[in-house]
Amino acid sequence: MGANNGSGPCGACKFLRKKCVKGCIFAPYFDPDQGTAHFAAVHKVFGASNASKLLLHIPAHKRLDAVVTLCYEALARVRDPVYGCVGHVFTLQQQVLNLQAELAYVQAHISTLQRLSQPPSQCAQNPAQTTINSSSQVPSFTKLASNSNISTHFDQLQVQQASTEMTGFYDPSE
């Protein structure tokens with residue numbers, strides 16, 4: 001009997017073609033269906049032994065986050081062997097910079113329109129001031145629920161990643 005309530009070996013043990021024993025370190029995080037593909041990437045990049053040693057040294061309540069990170073890093077490294085997830089991080093940073101420039105441009109344009117719409121006597125007394133927030137307001141990732149199936153969390157991260165990848169950026173100088 002496997003560690004997944006009698007449903008066979010976990011995705012990691014299935015990939016490694018070994019019996020899934022009770023207390024398997026991978027069983028709570030790699031389900032028999034989609035977990036196999038995720039573990040294949042982790043195995044290719046980090047190795048099963050290194051991944052299990054890493055998980056054993058992490059407190060149990062933080063392991064889900066670690067497994068999600070391992071899977072993300074491994075799949076990114078498989079897709080881009082040179083840069084891995086750093087390429088995606090750089091793309092997101094460029095997107096933030098472009099959006100900040102667009103925000104500054106729009107705020108300046110709004111300020112100009114507001115000044116033009118005021119009567120001339122008010123313009124001299126109360127000049128419009130544009131305040132631009134220099135800190136990037138990047139949406140923060142919500143803490144992953146402590147679900148035992150990593151596939152649901154990782155698939156959500158892939159959907160978020162795909163939705164944030166833009167092919168064109170707004171250039172305010174155009």
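Guide: A helix is a DSSP run of H or I with at least four residues, and a strand is a run of E with at least two; both are numbered from the N terminus. This is a predicted model, in which local features need pLDDT of at least 70 and side-chain atom pairs count only at pLDDT 80 or more, while totals for chains, interfaces and linings use all residues. Residues are numbered from 1 along each chain as its sequence is written, and side-chain values use heavy atoms, with hydrogens and water left out.

Visitor: How many helices and strands does the secondary structure of the protein chain come to?

Guide: From the N terminus on, the elements of the protein chain run α-α-α-α-α-α-α. The count is therefore 7 helices and 0 strands.

Visitor: Where is the place of Ser52, and is this residue buried or exposed?

Guide: Ser52 belongs to helix H3, which covers residues 48-56. Buried means under 20% relative accessible area, exposed means over 50%, and partly exposed lies in between (1.4 Å probe, protein chains only).

Visitor: Which residues does Ser52 touch, not counting residues up to four places away in sequence?

Guide: A contact requires heavy atoms within 4.5 Å. With residues up to four places away in sequence set aside, the partners of Ser52 are Ile25 and Phe26.

Visitor: What percentage of the residues of the protein chain count as buried?

Guide: The protein chain has 174 residues. For the chain, the buried share is 26%.

Visitor: How many Å does helix H4 reach from its first C-alpha to its last?

Guide: Helix H4 spans residues 63-79 and has 17 residues. The expected span of a helix is 1.5 Å times one less than its number of residues, and for H4 that gives 24 Å. The reach in the model is close to this expectation, at 24 Å.

Visitor: Why does Arg63 count as buried?

Guide: Arg63 lies in helix H4, where Leu64, Ala66 and Val67 are among the other buried residues. Arg63 touches Ile25, Tyr29, Leu55, Leu56 and Ile58, not counting residues up to four places away in sequence. Arg63 counts as buried because its relative accessibility is 17%.

Visitor: How far apart in space are Arg63 and Pro28, C-alpha to C-alpha?

Guide: In sequence, Arg63 and Pro28 are 35 residues apart. In space, their C-alpha to C-alpha separation is 9.7 Å.

Visitor: Which residues form one aromatic cluster?

Guide: Rings of Phe, Tyr and Trp (its six-membered ring) pair if their centres lie within 6.5 Å; planes under 30 degrees apart count as stacked, over 60 as edge-to-face and the rest as tilted. The whole structure holds 4 aromatic pairs, including the edge-to-face pair of Phe26 and Phe30, with 6.0 Å centre to centre and 65° between the planes. Phe30 and Phe39 are also edge-to-face, at 5.4 Å and 80°. The members of the cluster are Phe15, Phe26, Phe30 and Phe39.

Visitor: Is Arg17 buried or exposed?

Guide: Arg17 sits in the loop between helix H1 (11-16) and H2. Its phi is near 55°, a positive value in a residue other than glycine. With a relative accessible area of 78%, Arg17 is exposed.

Visitor: What is the relative accessibility of Phe46?

Guide: Phe46 is found in the loop between helix H2 (35-45) and H3. This residue counts as partly exposed because its relative accessibility is 30%.
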